[in-house]
Every structure is written in C-alpha cells, then in structure tokens.
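Please examine the sequence and the structure shown below, and then follow the points topic by topic.

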Amino acid sequence: MQVFASKERLGKLTQTGNSTVQLSSSVITLGAKQYTSGNLTCDISSSGAGGLDTGMEQSGKYYYVYAIVDTGSMALVCSLSEQGPTGYSHYKKVGAFVNNY
C-alpha cells in the first residue's frame, strides 16, 4: 500500500500590530515530518518560539517569519536573518514584515 502525504498549505500571514504577525492555519513540512497548525502568532517583543530568535526588537527593520518545530509542534519565530533563524535546525520561511513601532 502506498501512503501519500497531504500537500502543503501555507495560510495567510497578517501583520496584526507593529511587532506582531499571525499565520492562519497551515500544513507545512519541516524536516521529514508534516505539521498542521491552527493560527500561530509571532511577537518580536518577546523571545524564543512565538517571538524573536535572538537580540532585541528594532524599529524600522525587516523581520523574516519562519515556521519551526518547538517541543514537537509547529510554532513561529521571527529573525533579522534572511538565511534562517538562530537555534533551529528545521524551519521554513513563511513571510516578512517591517517593524514600525
């Protein structure tokens, strides 16, 4: 019997505040596993999963938004790096935004 993975489906990324974005429900492959999520939020005024990967929030900068695996589930992390977030081995870029605080 052949098993087929469902197709990826990237939800809509919306900036919901000066330092906050939300990704609507998505199906994303990270590493060798596929993850399904409800709405996910990234707030760069905090750090770690659901926040900024490293450093402190800066005004007028582009932040790249990545889906990551954190303790077995999908989460978002934001980074100033276009190449990938610091501290995560499985990630996928899902968008970017400018912090205008």
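Leaving aside neighbours within four places in sequence, with which residues is T20 in contact? The answer is T14, Q15, T41, C42 and D43. The model discussed here is predicted.

- T20 belongs to strand 2, which covers residues 20–23.
- The relative accessible area of T20 is 16%, and T20 is therefore buried, the limit for this class being under 20%.
- One of the residues in contact with T20 is C42, which also takes part in the disulfide described next.

**The disulfide**

- The structure holds one disulfide, and this bond joins C42 to C78 with an S to S distance of 2.5 Å.
- C42 is located in strand 5 (residues 40–43) and C78 in strand 7, so the bond ties together parts of the chain that are 36 residues apart in sequence.
- C42 is buried, with a relative accessible area of 0%.
- C78 likewise counts as buried, at 0% relative accessibility.

- Three strands form an open sheet in the order 7-6-8, and their pairing is antiparallel.
- Strand 7 (73–79) and strand 8 (91–98) are the edge strands, as each of them pairs on one side only.
- On average, neighbouring strands of this sheet are turned by 25° against each other, direction ignored.
- Strand 6, made up of residues 62–70, runs antiparallel to strand 8 and is joined to strand 8 by seven bridges.
- Within this arrangement, I68 stands opposite Y91 of strand 8.

**Aromatic pairs**

- A pair of aromatic rings is described by two quantities, namely the distance of the centres and the angle of the planes.
- The structure has two aromatic pairs, counting rings whose centres lie within 6.5 Å.
- One of them consists of Y66 and Y91: the ring centres are 5.5 Å apart and the planes stand at 85°, which is over 60 degrees, so the pair is edge-to-face.
- This pair links distant parts of the chain, since Y66 is in strand 6 and Y91 is in strand 8, 25 residues apart.
- Y66 is buried, with a relative accessible area of 1%.
- Y91, by contrast, counts as partly exposed at 35% relative accessibility.

**V69 in strand 6**

- V69 lies in strand 6 and counts as partly exposed, at 23% relative accessibility.
- If neighbours within four places in sequence are left aside, V69 is in contact with L30, Y35, Y88 and H90.
- V69 and I28 are separated by 41 residues in sequence, while their C-alpha atoms are 10 Å apart in space.

- The side chain of N99 makes a polar contact of 3.1 Å with the side chain of E57.
- A polar atom of the N99 side chain also lies 2.9 Å from the backbone oxygen of Q58.
- Not counting residues up to four places away in sequence, N99 touches E57 and Q58 as well as N18, S19, I44, S59, G60, K61 and Y63.

Technical notes
Residues numbered from 1 in each chain as written. Predicted model: local features only at pLDDT ≥ 70, side-chain atom pairs only at ≥ 80, totals over all residues. Heavy atoms only, no water. Pairing = 2+ DSSP bridges. Helix = DSSP H or I, 4+ residues; strand = E, 2+ residues; numbered from the N terminus. Axes fitted to C-alpha atoms, helices over the stretch in contact; angles between N-to-C directions. Phe/Tyr/Trp six-rings, centres within 6.5 Å; stacked < 30°, edge-to-face > 60°. Buried < 20%, exposed > 50% of the residue type's maximum accessible area, 1.4 Å probe, protein only. Contact = heavy atoms within 4.5 Å. Disulfide = S-S within 2.5 Å. Polar contact = N/O pair within 3.5 Å; in protein donor to acceptor, adjacent residues only side chain to side chain.
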